[in-house]
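My entries follow in the order in which I checked things.

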Amino acid sequence: MENETTYTGSCHCGAVAFEFTTAPIEAGLACNCSHCHRKGFILTFLPKSQFTLKSGEDNLTEYRFNKKQLAHQFCKTCGVQAFAFGTGEDGTETAAINLRCVEGIDIDSLTLNRYNGKDV
């Protein structure tokens with residue numbers, strides 16, 4: 001796709017690695033729900049078809065809470081959650097990427113879009 005970038009990321013120990021292709025990332029979502037807030041997530045969302053798990057599928061475990069809409073995936077070894085899977089309002093399978101786990105992303109340079117997940 002034109003004007004798209006391929007990004008790579010991983011958990012802390014490197015057992016789980018992934019890549020995804022999307023437009024250059026200039027913003028991230030900061031949600032204040034109990035889960036995102038405690039973990040300090042800065043997220044980007046994209047169609048799951050743009051996401052590729054490169055390694056570590058057997059090292060992932062899943063956590064769901066509240067409405068159980070997102071399947072939070074985290075590494076069994078280091079505990080880092082680099083991404084989650086869900087379904088968008090239009091039915092599209094979606095990947096939520098924790099930008100803190102992506103190589104080359106300067107979190108401080110991103111525009112942060114705040115989402116009030118606490119009251120949803």
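Predicted model: local features only at pLDDT ≥ 70, side-chain atom pairs only at ≥ 80, totals over all residues.

Entry 1, strand 7. I looked up its partners and found that strand 6 (residues 60–63) joins strand 7 through 4 bridges, the two running antiparallel. Strands here are DSSP runs of E with at least two residues, helices are runs of H or I with at least four, and both are numbered from the N terminus. Two strands count as paired if DSSP finds at least two bridges between them. I noted His72 of strand 7 as the bridge partner of Tyr63. On to strand 8 (residues 83–87): 3 bridges join it to strand 7, again antiparallel, and Ala71 has Phe85 of strand 8 as its bridge partner.

Residues are numbered from 1 along each chain as its sequence is written, and side-chain values use heavy atoms, with hydrogens and water left out.

I checked strand 7 (residues 71–75) and found 4 of its 5 residues buried, so the rest of the structure largely encloses it. Buried means under 20% relative accessible area, exposed over 50%, and partly exposed in between (1.4 Å probe, protein chains only).

I located Gln81 in the loop between strand 7 and strand 8. Is Gln81 buried or exposed? Its relative accessibility is 6%, so it counts as buried. Leaving aside neighbours within four places in sequence, I found Gln81 in contact (heavy atoms within 4.5 Å) with residues including His35, Phe41, Asn98 and Cys101.

I listed an open sheet of 3 strands in the order 1-2-5, paired antiparallel. Strand 1 (5–10) and strand 5 (51–55) are its edges; each has a single partner strand, so one side of each lacks a neighbour in the sheet. Strand 2 (residues 17–22) pairs with strand 5 over 4 bridges in the antiparallel sense, with Ala17 opposite Ser55.
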